[in-house]
Amino acid sequence: MERKELLYTGKAKKMYATDQENVLLAEYLNQATALNGVKKDAIEGKGRLNNQITGRIFEYLAAKGISSHYIQELSETEQLVKKVDMYALEVVVRNVSAGSFAKRFGMEEGIDLPFPVLEFYYKNDALNDPFINDAHVKALAVASDEEVAEIKKQALEINAALVEMFKKIGIRLIDFKIEFGKTADGKIILADEISPDTCRLWDIETNEHLDKDIYRRDLGDIIPVYVEVLDRLNKMSK
């Protein structure tokens, strides 16, 4: 596998072309960001942890019949993924009140919601990724009605699988953000990453944060927390 030109640099990853058609190389960076990039720090070891955590989670989902762009782990910080055309959507699924949801509706954090709440955000850094609804998605030509329905269906299936998986390792899945893309043959699949950067994870017994809120809220060092999540995932897979 030969790494070729750099295609994209994001907050947490770099994407490279490879010598294989429709296969990209994702390199995870030792960088933490919050508040849409306003807060930013280099954190040694973070890229390795997110790369491996994402790999373990995507492997679990694949075993459950859920497709993603993930192909395989290439090194501690790199993985191969299928090339997809990304939707300009961040899809958030919430199981428990927390973060912006709790603030928006004046709720305490930690209250179980009666059903998974699905939200869309328009992926645009310049606009600070605004909250949008189905009509906005259609009006902005981000996705068709049929595509929205498929994305919603898959997001809820992914949520059910993740809730089950995290429960097995003593973690409560509060909420998470995922993204989707379309393959060359027109199939909509899960893409990007699933890690403590993109999920709110609380220990079932203690309610301690096992996610990026440690960094967002200046609660301590995220590396031991991410190591704990990876260790639990690795023990589950044995």
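Student: Why is the pair Glu-119 and Arg-104 called a salt bridge?
Tutor: In this predicted model, the side chains of Glu-119 and Arg-104 meet with N to O at 3.1 Å. The rule asks for a side-chain nitrogen of Lys or Arg within 4 Å of a carboxyl oxygen of Asp or Glu, so the pair qualifies.

Student: Which elements hold Glu-119 and Arg-104?
Tutor: Glu-119 belongs to strand S10 (residues 112–122) and Arg-104 to helix H2 (residues 99–104). The two residues are 15 residues apart, and the pair links distant parts of the chain.

Student: Is Glu-119 called buried or exposed, and why?
Tutor: Its relative accessibility is 4%. Buried means under 20%, therefore Glu-119 counts as buried.

Student: What makes Arg-104 partly exposed?
Tutor: Arg-104 has 38% relative accessibility. Buried is under 20% and exposed is over 50%, so a value in between is called partly exposed.

Student: How do you know that Arg-94 and Asp-175 form a salt bridge?
Tutor: The N to O distance between their side chains is 3.3 Å. The cut-off is within 4 Å, so the pair meets the rule. Both residues are buried.

Student: Which residue forms a salt bridge with Asp-175 at 3.1 Å?
Tutor: That residue is Arg-200, with the closest N and O atoms 3.1 Å apart. Arg-200 lies in strand S14 (residues 199–203), 25 residues from Asp-175 in strand S12. Asp-175 and Arg-200 are buried.

Student: Which residues are linked in a network of salt bridges?
Tutor: Among them are Arg-94, Arg-104, Glu-119, Asp-175 and Arg-200; the network also includes Glu-109, Asp-213, Arg-216 and Arg-217. By the salt-bridge rule, the count comes to 30.

Student: How many salt bridges are counted between domain 1 and domain 2?
Tutor: The count between them is six. Domain 1 covers 3–82 and domain 2 covers 85–220.

Student: Why is the pair Glu-193 and Lys-13 called a salt bridge?
Tutor: The side chains meet at 2.7 Å, N to O. This distance is within 4 Å, so the name applies.

How values were computed. Residues numbered from 1 in each chain as written. Predicted model: local features only at pLDDT ≥ 70, side-chain atom pairs only at ≥ 80, totals over all residues. Heavy atoms only, no water. Domains from an automatic or database assignment. Buried < 20%, exposed > 50% of the residue type's maximum accessible area, 1.4 Å probe, protein only. Helix = DSSP H or I, 4+ residues; strand = E, 2+ residues; numbered from the N terminus.
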